[in-house]
Amino acid sequence: MRSRLILVVFLLMSFVVSAQDLTNNQKLWLSNYTFVKLNSRFSIDNFYVMSYDLHKNNRFGFAQTDLGFNYHLNKKLRFFMAYSNSQFRFLNSYYNRYDREPNSLGYMTFHRFGLGTQHNYKINRNFRMINRVVTQLYTPKLQKYKYRYMHVFTINYRHRKLPFKLRPFAQSFLYYYSGGFDYDYKNEAGEVDPAPPNGLHRYRVRFGFSFKPLPKVKLLTLKAYYGFQQEFNTRWGNDLNVERIGRVTGNVYTDMKFNNYVIWGLQLNLIF
């Protein structure tokens with residue numbers, strides 16, 4: 001029964017991938033993850049990623065540093081809190097939205113604070129499943145959200161006979177947005193009512209594998225993956241990607257466009 005369930009999960013995720021056409025917006029993510037175990041209960045970790053827009057001649061997109069502190073209740077369950085500092089390529093729209101200039105590096109700085117929990121579950125000898133739930137607060141708030149709620153599901157495969165301790169994996173991410181900038185929406189009475197675009201608005205899927213290029217160096221692991229992100233609207237909540245008419249020009253434009261893209265990723269892991 002478990003094996004059949006695993007097969008269904010992989011088939012569904014593969015179907016979702018085959019249905020995408022995001023080739024016009026591709027990103028390269030280069031990252032490093034470092035995990036340090038302090039004792040049986042506590043650990044700290046650091047994640048650093050740089051993003052480049054491949055479809056824009058490898059233009060810099062953003063750099064992000066995450067610092068995390070973890071409490072391990074047992075081998076299966078842990079709780080964590082995290083702080084993130086993000087440096088985004090400065091956009092002209094930031095002048096009006098935030099009324100500020102780019103920093104000394106020419107970027108826009110965002111801070112993020114998060115709380116979450118993670119549960120690990122061993123399905124059988126070869127398959128392991130991870131569920132992760134996170135609540136995040138951004139300052140200053142982003143256009144689409146100030147608070148973001150996220151669920152991450154991971155399933156990986158391991159077998160002692162695979163070379164270089166190769167471990168294929170699949171991941172899905174689901175995001176709920178809340179507290180972004182107010183926009184004009186029509187309520188049930190047909191009246192204009194300013195409100196943020198709260199709702200379930202994004203999913204992300206990743207497929208890849210990790211391996212040990214130097215099997216004798218236990219702390220070193222490399223990870224490579226392919227993924228994609230897509231935003232969407234539902235019946236519950238306010239819409240993104242809304243067509244509006246300019247008050248001055250009268251031209252039709254799309255507000256809060258869907259941020260859809262393909263990801264190619266390479267990550268270096270250090271586990272102490």
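Student: Leaving aside neighbours within four places in sequence, which residues is Tyr 149 in contact with?

Tutor: Keep in mind that this is a predicted model. Tyr 149 is in contact with Val 134, Thr 135, Leu 174, Tyr 175, Tyr 176 and Ser 178, once its neighbours within four places in sequence are set aside.

Student: Where is Tyr 149 found?

Tutor: Tyr 149 is found in strand β7. Its C-alpha atom is separated by 4.7 Å from that of Thr 135.

Student: What does β7 pair with?

Tutor: Two strands. β6 (residues 127–139) and β7 (residues 145–157) are joined by 11 bridges and run antiparallel. β7 also pairs with β8 (residues 167–179), again over 11 bridges and in the antiparallel sense.

Student: Which residues stand opposite each other there?

Tutor: Arg 132 stands opposite Val 152 in β7. Tyr 145 stands opposite Gly 179 in β8.

Student: And what joins β6 to β7?

Tutor: A hairpin, through 5 residues.

Student: Zooming out, how many strands close into the barrel?

Tutor: 11 strands close into a barrel. The order is β1-β2-β3-β4-β5-β6-β7-β8-β11-β12-β15, and the pairing is mixed. On average, neighbouring strands of this sheet are turned by 20 degrees against each other, direction ignored.

Student: What do strands of a sheet pair through?

Tutor: Strands of a sheet pair through backbone hydrogen bonds, and they can be parallel or antiparallel.

Student: How many bridges join β11 to β12?

Tutor: 10 bridges. β11 covers residues 199–211, β12 covers residues 220–231, and the two run antiparallel. Arg 204 stands opposite Gln 229 in β12.

Student: New topic: salt bridges. How many does a search of the whole structure find?

Tutor: It finds 5 salt bridges. One of them is formed by Asp 53 with Lys 27, with the closest N and O atoms 2.8 Å apart. Asp 53 lies in β2 (residues 42–53) and Lys 27 in β1 (residues 26–37), so this pair ties together parts that are 26 residues apart in sequence.

Student: Are Asp 53 and Lys 27 buried or exposed?

Tutor: Asp 53 is buried, with a relative accessible area of 3%. Lys 27 is buried too, at 13%.

Student: Which side chain meets Glu 231 in a salt bridge?

Tutor: That of Lys 144, at 2.6 Å from N to O. Lys 144 lies in the loop between β6 and β7, while Glu 231 lies in β12, so parts 87 residues apart in sequence are tied together. Lys 144 is buried, with a relative accessible area of 10%. Glu 231 counts as buried at 3%.

Student: Which residues do shared partners join into one network?

Tutor: Lys 27, Asp 53 and Arg 59, through salt bridges that share partners.

Student: Back to Asp 66. Which side chain does it meet in a polar contact of 3.0 Å?

Tutor: The side chain of Gln 64. Gln 64 lies in β3 (residues 59–72). It is buried, with a relative accessible area of 12%. Not counting residues up to four places away in sequence, Gln 64 touches residues including Phe 47, Ser 84 and Arg 112.

Student: Last one: which residues of the largest nonpolar core touch the most other members?

Tutor: Tyr 94, Tyr 98, Met 108, Phe 110, Leu 142 and Met 150, out of 20 residues. Elements that each supply at least two residues of this core include α2 (93–98), β5 (107–122) and β9 (183–186). Another core, of 9 residues, lies apart from it, with Phe 153, Phe 207, Phe 228 and Val 262 among them.

Terms used:
Residues numbered from 1 in each chain as written. Predicted model: local features only at pLDDT ≥ 70, side-chain atom pairs only at ≥ 80, totals over all residues. Heavy atoms only, no water. Pairing = 2+ DSSP bridges. Helix = DSSP H or I, 4+ residues; strand = E, 2+ residues; numbered from the N terminus. Axes fitted to C-alpha atoms, helices over the stretch in contact; angles between N-to-C directions. Buried < 20%, exposed > 50% of the residue type's maximum accessible area, 1.4 Å probe, protein only. Polar contact = N/O pair within 3.5 Å; in protein donor to acceptor, adjacent residues only side chain to side chain. Contact = heavy atoms within 4.5 Å. Core = buried A, V, L, I, M, F, W, Y, C linked by side-chain atoms within 4.5 Å. Salt bridge = Lys/Arg side-chain N within 4 Å of Asp/Glu carboxyl O.
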